[in-house]
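My notes follow the order in which I checked them.

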Protein chains: 2
Amino acid sequence: MTIRWLDEDEQRAWRAFLRMQSQLAGQLNRQLQADSGLSLADYEILVALCDAPDGRLRPYELQRRVDWEQSRLSHHLTRMQRRGLVGREECADDGRGAHVVVTDAGRSALETAAPGHVRAVRRLFFDQLTREDVAALHTLSTHVLEQLDQTPPG
Amino acid sequence: MTIRWLDEDEQRAWRAFLRMQSQLAGQLNRQLQADSGLSLADYEILVALCDAPDGRLRPYELQRRVDWEQSRLSHHLTRMQRRGLVGREECADDGRGAHVVVTDAGRSALETAAPGHVRAVRRLFFDQLTREDVAALHTLSTHVLEQLDQTPPG
């Protein structure tokens, strides 16, 4: 089977994209940590939970939202639980196991962190983009997501 | 200070971008693992080392390439060293500490993994994009990177 390697334009775009997303995540993470003591990973979990009805999700639903490996998610939740940001609630009613639920402290940590995080996202990302860039990013992300959603998870 | 929250277009683009990059990384990681036993993180380290002269970098250079937190990088390198993919070499000459160096096994693991990984990148990502999308992605990534490079690391 012949491999079509990436051509030069693709390779430049791919490397710039990878470097951009990794450095952006790194800087957003450092800003969040310094500002609020949350990591970007904590923030992502708290947003997913606070977006959910009653601030609770089953672990597999949470995993689908954040798309982390199961072991990473489970370790991360244990650490967040120790810090009082999330809790686990057994649901005796249906035997389908526990919910992960955001605590009051978790909600309040997210509310405190959000303004600084949004300012950083604006300064580092959106202020560098034109409206056309934003539209292009949305379109191309959506196209890639359509393909990803068709691929069965491994 | 008034916060300019993200408007609806920005929010949709931001969420699609985050979801796309996280799901893409998840699927590329699963494909790599299943295919070659390497994680995306291993792959990234191996590419950085194999791109460097003599396959070796000082830890701080490697850290700058991959932009991971120092503790994550250091733990990851320890695990890769245990698996024989990288080694550490003291440089007695200048007292500036060790190099991280790719081993023959690391180089050969990367060569074995690369064709399948590139096929997955093409199928999941580039096959979904037009030439204009690729150009837009390169431009916007470059603009964001210019800003990121100006921001002093935290």
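**Salt bridges, looked up one by one**

I started with A:R122 and B:E10, whose side chains form a salt bridge at 3.0 Å, N to O. This is in a predicted model. I traced the pair across the chains: A:R122 sits in helix α5 (residues 104–124) of chain A, and B:E10 sits in helix α1 (residues 8–36) of chain B. I then checked burial and found both A:R122 and B:E10 buried.

Next I looked at A:R131, which also has a salt bridge with B:E10, with the closest N and O atoms 3.8 Å apart. A:R131 belongs to helix α6 (residues 131–150) of chain A and B:E10 to helix α1 of chain B, so this pair joins two chains. I noted A:R131 as partly exposed because its relative accessibility is 43%.

Then I turned to a pair within chain A. The side chains of A:R56 and A:E89 meet in a salt bridge of 2.2 Å, N to O. A:R56 is in strand β1 (residues 56–57) and A:E89 in strand β2 (residues 86–89), so the pair ties together parts 33 residues apart in sequence. I put A:R56 down as partly exposed at 26% relative accessibility, and A:E89 as partly exposed at 33% relative accessible area.

Last, I took the total: the structure holds 18 salt bridges over all chains.

Terms used
Residues numbered from 1 in each chain as written. Chains lettered and ligands numbered in written order. Predicted model: local features only at pLDDT ≥ 70, side-chain atom pairs only at ≥ 80, totals over all residues. Heavy atoms only, no water. Salt bridge = Lys/Arg side-chain N within 4 Å of Asp/Glu carboxyl O. Helix = DSSP H or I, 4+ residues; strand = E, 2+ residues; numbered from the N terminus. Buried < 20%, exposed > 50% of the residue type's maximum accessible area, 1.4 Å probe, protein only.
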